[in-house]
Amino acid sequence: MKKSWWKILTIALLTYTIVAGLLLDVPRLPILNETIRALYFHVTMWFGMIIMLVVAVIYSIKFLRTNDLRNDDIAIEFTNAAILFGVLGIITGMLWAKFTWGDYWSGDPKQNASAIGLLMYFAYLVLRNSLTDVNQRGRIGAVYNIFAFAAFIPLIFVLPRLTDSLHPGNGGNPGFNAYDMDSNLRLVFYPAVIGWTLLGTWLSVIRVRLKRAERKIEDKLINQL
């Protein structure tokens, strides 16, 4: 039970996020109206993605220092989970854009920067899969992961602010917290961030365990030959 409490918390928080996010009252603001509910999914998924990418970078650095494949396992699986949430974040963002901007994809700098950032991480996966030696894969992947994160943050948070953008918080537009993050929204927003982050952690932990189990089986088979 002690090891399962955070999994129970994950289920509880996400259940609350979905139910409250869809049913609780939200501010009736011009243009946004009901679409403000995307805040609970689109924005919070990307918050969780950033947190998971930070974890991946930390363990990439640890791998470069120790050459321990267990650190590389954590780095790659947290990156995988982050990419999943990044894709879900873009999809929910496109739905929001359709109702507020009139089109799923309008070429907004924020949208383009987010897509480029995800493509950088897709390239990371392709690079890793192209290498057969596990240690070489881990070292090259770790270096790429670190530099990708260093480029990703200014790409999605800094550059869109310097250009004309319709996205809240960019191009001179006020962010959500400037005019609509009232106390009711915060009651769902913060639990949602924690819930999505814990879900990503849960998925990553499962994948890490599978990867290590596969490695043990492979090592046993090699020793038997």
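A nonpolar surface patch of about 580 Å² is made by Leu 84, Leu 88, Ile 91, Leu 95, Tyr 104, Trp 105 and Leu 203. Patch residues have over 30% relative accessible area and no salt bridge; nonpolar side chains (Val, Leu, Ile, Met, Phe, Trp, Tyr) are joined within 5 Å, like charges within 9 Å. Accessible areas come from the Shrake-Rupley method with a 1.4 Å probe, and for residues only the protein chains shown count as cover.

This is a predicted model: local features need pLDDT of at least 70, side-chain atom pairs count only at pLDDT 80 or more, and totals for chains, interfaces and linings use all residues. Residues are numbered from 1 along each chain as its sequence is written, and side-chain values use heavy atoms, with hydrogens and water left out.

## Exercise 1: The patch

Task: Find which helix gives the most to the nonpolar patch.

Solution. 
- Step 1. Helix H3 (residues 69–100) gives the most, with four residues. Helices (H or I, at least four residues) and strands (E, at least two) are DSSP runs, numbered from the N terminus.
- Step 2. Take one patch member, Leu 84. Leu 84 lies in helix H3.
- Step 3. Leu 84 has a relative accessible area of 41%, so it is partly exposed. The cut-offs are: buried under 20%, exposed over 50%, partly exposed in between (1.4 Å probe, protein chains only).

## Exercise 2: The whole chain

Solution. 
- Step 4. Look at contacts (heavy atoms within 4.5 Å). Among those between residues at least 6 apart in sequence, 72% join residues at least 24 apart.

## Exercise 3: Annotated spans

Task: Compare the "transmembrane region" annotation with the model.

Solution. 
- Step 1. Read the record. The unreviewed UniProt entry covers residues 39–61, 82–101, 113–131, 143–162 and 187–206. UniProt positions use the numbering used here, feature names are shortened, and annotations may be inferred rather than shown by experiment.
- Step 2. Take residues 39–61. The span is 87% helix and 0% strand, and its end C-alpha atoms lie 32 Å apart.
- Step 3. Take residues 113–131. The span is 89% helix and 0% strand, with end C-alpha atoms 28 Å apart.

## Exercise 4: Confidence

Task: Find which elements have the lowest and the highest mean pLDDT.

Solution. 
- Step 1. pLDDT is the predictor's confidence in each residue, from 0 to 100. The chain averages 85, and 87% of the residues score at least 70.
- Step 2. Helix H6 (residues 176–179) has the lowest mean, 49. Helix H2 (residues 42–66) has the highest, 95.
- Step 3. Over residues 170–174, pLDDT stays under 50. The model has 16 contacts beyond four places in sequence for this stretch.

## Exercise 5: Salt bridges

Task: Find which helices are joined by the Asp 72–Arg 128 and Glu 77–Arg 207 pairs.

Solution. 
- Step 1. Apply the rule: a side-chain nitrogen of Lys or Arg within 4 Å of a carboxyl oxygen of Asp or Glu. The count comes to six.
- Step 2. Asp 72 and Arg 128 meet at 3.0 Å, N to O. Asp 72 lies in helix H3 and Arg 128 in helix H4 (residues 109–129), so the pair ties together parts 56 residues apart in sequence.
- Step 3. Check burial. Asp 72 is buried at 6%, and Arg 128 is buried at 7%.
- Step 4. The closest N and O atoms of Arg 207 and Glu 77 are 3.0 Å apart. Arg 207 lies in helix H7 and Glu 77 in helix H3, so this pair ties together parts 130 residues apart in sequence.
- Step 5. Glu 77 is buried at 2%, whereas Arg 207 is partly exposed at 44%.
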